[in-house]
Amino acid sequence: MAILGGLALFLHGMSMMCISLRAGFEKKLEAWMGDLARSPIQGLVVGAIAATLLQSSTAVSVLLVDFVSATILPFPATIPVFLGAGVGSTLISHMLALDLSRLTFIFLFVGYALTMVSRPGLPIAGRFFLGLGLVFLGTQTITHAFRPLEKDKPFLDLLATMHAPLAGLLAGLLLTVLMQSSLATISVLQSLVTLKALPLSAAPAIVMGANIGTTSTAFFVALPKGTHALRAALAGLVVRAVPAITLLPFASVSLVLATAMASEPAAQVAMLHTIFNVLVLIFMLPFSGLVSRTVASLIPDGSTQGFEENL
């Protein structure tokens, strides 16, 4: 139960951070994304900055679906933004790898204090710091809750099934779909690797699966919004799934890079998260035009009309 409680703290904290940042930046982001995401390079930059500010590639994906549905942004322009958002969203996984446990309650106190101030903007900042404190508190709770399971044979046997790359990818995908947060999956993975309950060699596949699973929210949002919104959601899935499946046999290469760049297990998992998203960007950006044409052929104009009427 402590693990579930820690996940609840983590997810609620992430939600508070995202809501507060959207309250402060969403209107500016809408105008900015609509104006700037017209070329691939601009789209990459916009996606990376937006995901860094919102600390969620899922939030950016949902915004993109809304923008395409409202004709603020053409569907093909969303692909580079998706790719940039994947890289930008990895920042908090690096923050989670740092030993900031002593700052957790400072974040919570400062956040609560700021919510009591009536000056414009400060309550929003307060909710952000409260959310940040809850994220770190949730991560610490998850790690402590896993400690008694380090020598639990059934639990270790279950984790052993994830050592195979395909099983790890599916586990990361399903866990992310269930929690609707790839960062929650990364946080759990960091705890397991830190406690040596799961070897680092199993991490790349789980990270890849988490990156695919994070696209599910955009699908749920796009279903009632028509052809172009659904195309945007499918494009987000394609640019995550194709590199994951292609690069899965070469996961050991990313391990070498991660261990060379970081020494602590949690930091190595965060580095794997970043490396994979950078590889996705490099791998898929040259094919963004092909992806948009393929997705458009799979979901032709008017193909969702009957489905929309039933919703």
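Rings of Phe, Tyr and Trp (for Trp, the six-membered ring) form a pair if their centres lie within 6.5 Å; planes under 30 degrees apart count as stacked, over 60 as edge-to-face and the rest as tilted. By this rule, ring pairs link Phe-107, Phe-128, Phe-129 and Phe-136 into a cluster. The model is predicted, so local features need pLDDT of at least 70 and side-chain atom pairs count only at pLDDT 80 or more, while totals for chains, interfaces and linings use all residues. Residues are numbered from 1 along each chain as its sequence is written, and side-chain values use heavy atoms, with hydrogens and water left out.

The structure holds 3 aromatic pairs. In one of them, the rings of Phe-107 and Phe-129 have centres 6.2 Å apart and planes at 25 degrees, so this pair is stacked. Phe-107 lies in helix α6 and Phe-129 in helix α7 (residues 122-146), so the pair ties together parts that are 22 residues apart in sequence. Helices here are DSSP runs of H or I with at least four residues, strands are runs of E with at least two, and both are numbered from the N terminus. Phe-107 also pairs with Phe-136: the ring centres are 6.0 Å apart and the planes lie at 25 degrees, so this pair is stacked. Phe-136 lies in helix α7 and Phe-107 in helix α6, so the pair ties together parts that are 29 residues apart in sequence.

Phe-107 is buried, with a relative accessible area of 14%. Phe-136 is buried as well. Phe-129 is partly exposed, at 28%.

The chain as a whole has 17 helices and 0 strands. It has 311 residues, of which 51% are buried. Its accessible surface comes to about 13900 Å², and 71% of this belongs to carbon and sulfur atoms. Such areas come from the Shrake-Rupley method with a 1.4 Å probe; for residues, only the protein chains shown count as cover. Contact means heavy atoms within 4.5 Å. Among contacts between residues at least 6 apart in sequence, 80% join residues at least 24 apart.

The interior was then examined for nonpolar cores. Each core is a set of buried Ala, Val, Leu, Ile, Met, Phe, Trp, Tyr and Cys residues joined through side-chain atoms within 4.5 Å. The largest has 46 residues, and Val-60, Val-65, Leu-83, Met-208, Val-239 and Val-291 touch the most other members. Helices that each supply at least two residues of this core include α2 (40-54), α3 (57-69), α4 (78-88), α11 (203-213), α12 (216-222) and α16 (288-298). Helix α13 gives the most to this core, with 10 residues. A second, separate core of 36 residues includes Leu-7, Met-14, Leu-96 and Ala-184.

Ser-93 lies in helix α5 (residues 91-97). This serine counts as buried, at 0% relative accessibility. Beyond its neighbours within four places in sequence, Ser-93 is in contact with Leu-183, Ile-186, Gln-190, Ala-270 and His-273. Ser-182 is found in helix α10. Its relative accessible area is 8%, so Ser-182 is buried. With neighbours within four places in sequence left aside, Ser-182 is in contact with Thr-176, Ala-210 and Thr-214. Gly-88 belongs to helix α4. At a relative accessible area of 7%, Gly-88 is buried.

The surface carries a nonpolar patch. Leu-103, Ile-106, Phe-109 and Val-110 form this patch, with about 360 Å² of accessible area together. Patches are made of residues with over 30% relative accessible area and no salt bridge; like charges are joined within 9 Å, and nonpolar side chains (Val, Leu, Ile, Met, Phe, Trp, Tyr) within 5 Å. A salt bridge is a side-chain nitrogen of Lys or Arg within 4 Å of a carboxyl oxygen of Asp or Glu. Ile-106 lies in helix α6 (residues 104-115). Ile-106 is partly exposed, with a relative accessible area of 45%.

One backbone angle deserves mention. Most residues other than glycine have a negative phi. Lys-196 is not a glycine, yet has a positive phi of about 65 degrees. This lysine lies in the loop between α10 (182-194) and α11. Lys-196 is exposed, with a relative accessible area of 68%.

Terms used
Buried means under 20% relative accessible area, exposed over 50%, partly exposed in between (1.4 Å probe, protein chains only).
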